[in-house]
Amino acid sequence: MHDLREFDDVVARIRSGLSAVHYRRPSPVRPARSRRALSLAGALSVVAGVAAFVILGPSGGSTPAWADQPRKLTAEQTERITRACTLGDPDLAASMPPPAVIDWRGIRVVAFFADEHRMVECVLDPVAGDNFEFAGGVGGEYAPSDLRVVNTDPHISYSAQGIESSYQVGYRFAVLVGRVGPEVQRVTVDVPGRGDAEASLNDGWVSIWWPGEVDGATLHAFDARGRELASEPLSLD
Amino acid sequence: MDDTDFDRFYRRTRDDCYRALVVAVRDPIEADDLLSDAYMRALGRWPTLRDHPQPRAWVLRTALNLQRDRWRRLRRFARLPFFQQQPSPPPDLPVEPRLLAALRGLPDQQRRAVALRVVLDLDTAETAAVLGVSPGTVTTHLYRGLTALRASLTAEEVL
């Protein structure tokens, strides 16, 4: 404490001045809220530039929270997702790259908008059928060159992030977007505790989300004949 | 894992860690998010972390590392329109405004040294370990920071 002694007055002022500040979040080991809780989707909270997500369990028993296969999208669903990601703002829509690949499974949609120069990620919560609520942007606009290249033959590059709900303490999920070479025709991610999950792949663009962490997951790339071309352990950006 | 043990640690340390983080990062909302992330990681590592000589320091270091990673990531997000919307105003903190302003006005390294050494009451070596600097550097930043704070608070009172 010798380095503080000559500042006793300031130290006391700081400590007493902060004494009424308390951390209000409940302990993470308390029981989670009901997974049947209704969606709070749409409550977007922008915190220091980071969107906070409303993370929810399924509102009914018919929709799984997550699946190892993505849903197949209709053109109308793609359009609805695009509209939801651009908040219905035509100017924003015009400024975005086109939808490259959309991963919809269970309670979450990860839409990846990309071209050769720009990329934008968007996370949505499906509500009431084919309606979507904007839950937040995981990523903003960046370039394919920002992706981490982990393999050159075939080309595999990705960005992976672990996200935690600001509302539901303890609910974490991982989002991966990436780019693969033309010889890659199928991408899976071995998710710890859940097994292989089929990533959404379109024209070399990849996206997938899964509950849990990025670390421990492994990406596998296959060619059209089902031969494994690469296997890459994943890690956070 | 002994959840009850972790829960006790959480309850005992959360306020001090939050106060230190509020000072270190300036934004109470960001501090709230970072601390939540850090405690979640602490929970996942609790079987080993419980034997750490200073688990509070581990939590703060993790939170500050998360902040660094977050800002690195945000640099590439800045151009996205919906990140340019006006953020929600930060909640009022029950802190004397001039003390808060004086703390927020310190340079980053001085503010972090004050947060860890004074608010969290880590010793100089622990503070140095968290910040990844030498103990001598901590002492220098602390001295400058506290000197500036004293001057700032005294000046306010004279006025």
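Tyr23(A) is tucked away: it counts as buried, with a relative accessible area of 3%. Keep in mind that this is a predicted model. Across all chains there are 12 aromatic pairs, and one of them puts Tyr23(A) together with Tyr10(B). That pair joins two chains, because Tyr23(A) belongs to chain A and Tyr10(B) to chain B.

**The Tyr–Tyr pair and its cluster**
- On the chain A side, Tyr23(A) comes from the loop between helix H2 (8-17) and strand E1 (45-47), while Tyr10(B) is part of helix H1 (residues 3-25) of chain B.
- Tyr10(B) is buried too, with a relative accessible area of 1%.
- Ring pairs tie Tyr23(A) and Tyr10(B) into a cluster with Phe6(B), Phe9(B), Tyr18(B), Tyr39(B) and Trp46(B).

**Arginines over tryptophans**
- Arg71(A) has its charged end over the ring of Trp104(A), 3.8 Å from the ring centre.
- Arg179(A) does likewise with Trp205(A), its charged end sitting 3.9 Å from the centre of the ring.

- Going from Asp153(A) to Pro154(A), the peptide bond is cis, with omega near 0°; Pro154(A) sits in the loop between strands E7 (148-152) and E8 (155-164) of chain A.
- Arg26(B) isn't a glycine, yet it has a positive phi of about 80°. It lies in the loop between H1 and helix H2 (28-44) of chain B and is partly exposed at 35% relative accessibility.
- Asp121(B), also not a glycine, has a positive phi of about 65°. You'll find Asp121(B) in the loop between helices H6 (108-119) and H7 (124-131) of chain B, partly exposed at 39% relative accessibility.

Methods: Residues numbered from 1 in each chain as written. Chains lettered and ligands numbered in written order. Predicted model: local features only at pLDDT ≥ 70, side-chain atom pairs only at ≥ 80, totals over all residues. Heavy atoms only, no water. Phe/Tyr/Trp six-rings, centres within 6.5 Å; stacked < 30°, edge-to-face > 60°. Helix = DSSP H or I, 4+ residues; strand = E, 2+ residues; numbered from the N terminus. Buried < 20%, exposed > 50% of the residue type's maximum accessible area, 1.4 Å probe, protein only. Lys NZ or Arg CZ within 6 Å of the ring centre and 35° of its normal.
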